[in-house]
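Visitor: I would like to go through the terms used for this model one by one, and to hear what each of them rests on.

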Amino acid sequence: MKSVVILGSTGSIGTNTLDIVAKFPEQFRVIGLTAGTKDEKLEEQVRAFRPRVVALSDSAAAGRLRRRCADMNVEILDGRNGVAQVAALPDSDLVVSAIVGGAGLVPTLGAIRAGKHVALANKEPMVMAGQLMQAEARRYKVRILPVDSEHSAIFQSLEGHRKADVRKLILTASGGPLWDLSQDDLRHVKPAQALKHPNWKMGAKITIDSATLMNKGLEVVEARWLFDLPASQIDTLIHRESIIHSLVEYTDGSMIAQLGLPDMRTPISYAMNYPTRLPLDLPSLDLAGIGKLTFQRPDHQRFPCLSLGYEALRIGGTMPATLNAANEIAVAAYLQEQIGFSDIADVIRHTMEAHEPKDLHTLDEALEADRWAREKASALVRALAPSAVR
């Protein structure tokens with residue numbers, strides 16, 4: 001039986017992971033869970049799965065959970081240190097990293113340094129410090145297994161093939177809920193409209209990232225470090241149906257793709273039980289019913305965030321961490337209607353232009369770039385806020 005820790009258990013990835021655990025109790029047991037502020041949801045999970053230790057990054061939420069779970073044999077920690085302790089539990093076999101944003105870097109890296117295999121759904125740590133993450137994984141002899149549907153598809157399509165035979169990785173993107181809008185219309189999009197993803201049920205932040213195509217920009221950076229290939233061998237393609245989750249093109253012109261329904265339980269279960277597959281009770285993919293699959297090239301003019309991802313990767317060093325932090329600040333401001341939709345890319349671009357990139361070798365260097373970028377992006381948001389589209 002595999003002992004599992006889930007970082008970010010109350011989010012969409014975390015709840016889907018627990019769904020898999022519940023369906024295969026003879027193969028998995030949960031020994032640790034973490035969350036941010038959702039103490040009521042975490043209480044439900046504690047009572048259902050009986051973990052030994054849990055943590056909430058918000059101390060007030062942890063206090064509420066302690067009072068409500070006083071009848072249970074569970075240790076409840078709080079703050080960043082508490083989350084880090086759960087991530088490094090000595091008796092865990094696998095850590096599922098599903099914390100949203102850059103907050104996932106420290107606990108995920110801590111899990112790696114504790115010698116834990118990581119199923120990585122949280123792309124931001126790899127964006128912020130991918131080279132460091134992989135170096136530490138090699139040092140501690142653990143694997144980073146991709147959970148993102150696109151990176152899982154590439155991972156599966158590379159199995160059994162030589163890296164030397166790869167011509168190109170092709171990440172597919174749904175295009176999000178706003179793909180058909182003009183550049184002028186995009187300026188007036190309200191958060192409620194941007195949050196209506198046509199294919200996937202995801203959290204607010206990643207849904208906005210999908211709408212701006214920043215999600216794909218971040219995934220390009222993540223793919224570079226997960227698969228050790230340069231940006232020149234990583235391409236993107238709009239695929240509205242979200243059936244082909246990504247492809248690998250080989251030097252002989254062959255393409256191998258992974259297809260499936262847009263359901264995150266498939267890539268989660270593959271990472272959790274690698275290299276064998278779990279028999280999920282999902283319907284078969286009905287290609288005849290779908291009828292056709294369509295593809296388009298990304299529109300970098302209407303959706304400049306994708307180009308910013310490539311630019312950050314080209315510059316390297318601390319620039320991807322800067323990109324990520326600026327994006328988090330801009331998306332949060334947009335969701336609060338402090339800035340307009342098109343301002344998201346402007347905040348990121350101006351933050352990157354102001355940044356003086358440095359080589360990145362340590363966690364502290366990544367965290368410092370993150371701190372600086374958040375301050376700079378926040379100042380840009382304050383300057384833009386009076387003119388936000390409302």
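Visitor: Leaving aside its neighbours within four places in sequence, which residues is Ile 234 in contact with?

Guide: This is a predicted model, and in it Ile 234, leaving aside neighbours within four places in sequence, is in contact with Leu 169, Leu 171, Val 220, Ala 223, Arg 224, Leu 229 and Tyr 310. Ile 234 itself has its place in strand E9, residues 234-238.

Visitor: Why is Ile 234 called buried?

Guide: The term buried requires a relative accessible area under 20%, and Ile 234 has 4%, so Ile 234 is buried.

Visitor: What makes Ser 97 count as buried?

Guide: Ser 97, found in strand E5 (residues 94-97), has a relative accessibility of 0%, and therefore counts as buried. Leaving aside neighbours within four places in sequence, Ser 97 is in contact with Leu 7, Thr 108, Val 118, Ala 119, Leu 120, Ala 121 and Asn 122.

Visitor: Why are H11 and H14 called roughly parallel to each other?

Guide: The axes of helix H11 (residues 214-227) and helix H14 (residues 305-315) cross at roughly 25° and come within 6 Å. Angles under 35 degrees count as roughly parallel, and H11 and H14 are therefore roughly parallel to each other. In this crossing, which is right-handed, H11 passes H14.

Visitor: Which residues of H11 and H14 meet?

Guide: From H11, Met 214, Lys 216, Gly 217, Val 220, Val 221 and Arg 224 meet Cys 305, Leu 306, Gly 309, Tyr 310 and Leu 313 of H14. The residues of this contact divide into 7 nonpolar, 2 polar and 2 charged.

Visitor: How do you know that helix H10 is mostly covered?

Guide: Of the 9 residues of helix H10 (residues 204-212), 7 are buried, namely Lys 205, Thr 207, Ile 208, Asp 209, Ser 210, Ala 211 and Thr 212. The buried residues of H10 pack against helix H6 (124-139), helix H9 (191-194), H11, H14, H15 and helix H16 (343-354). After H10 comes Leu 213, with a positive phi near 70°.

Visitor: Which residues have the most contacts inside the largest nonpolar core?

Guide: That core has 120 residues, and those with the most contacts inside it are Leu 169, Met 272, Ile 344 and Ile 348. Helix H15 (residues 319-335) gives the most to this core, with 9 residues. Leaving aside neighbours within four places in sequence, Ile 348 is in contact with Met 214, Cys 305, Leu 308, Leu 323, Ala 326 and Asn 327.

Key: Residues are numbered from 1 along each chain as its sequence is written. This is a predicted model: local features need pLDDT of at least 70, side-chain atom pairs count only at pLDDT 80 or more; totals for chains, interfaces and linings use all residues. Side-chain values use heavy atoms; hydrogens and water are left out. Axes are lines fitted to C-alpha atoms, for helices over the stretch in contact, and angles run from 0 to 180 degrees between N-to-C directions. Helices (H or I, at least four residues) and strands (E, at least two) are DSSP runs, numbered from the N terminus. Angles under 35 degrees count as roughly parallel, over 145 as roughly antiparallel, 65 to 115 as roughly perpendicular and the rest as oblique. A crossing is left-handed if the near helix is turned anticlockwise from the far one by less than a right angle, and right-handed if clockwise. Contact means heavy atoms within 4.5 Å. Ala, Val, Leu, Ile, Met, Phe, Trp, Tyr, Cys and Pro count as nonpolar, Asp, Glu, Lys and Arg as charged, and the others, Gly among them, as polar. A nonpolar core is a set of buried Ala, Val, Leu, Ile, Met, Phe, Trp, Tyr and Cys residues joined through side-chain atoms within 4.5 Å. Buried means under 20% relative accessible area, exposed over 50%, partly exposed in between (1.4 Å probe, protein chains only).
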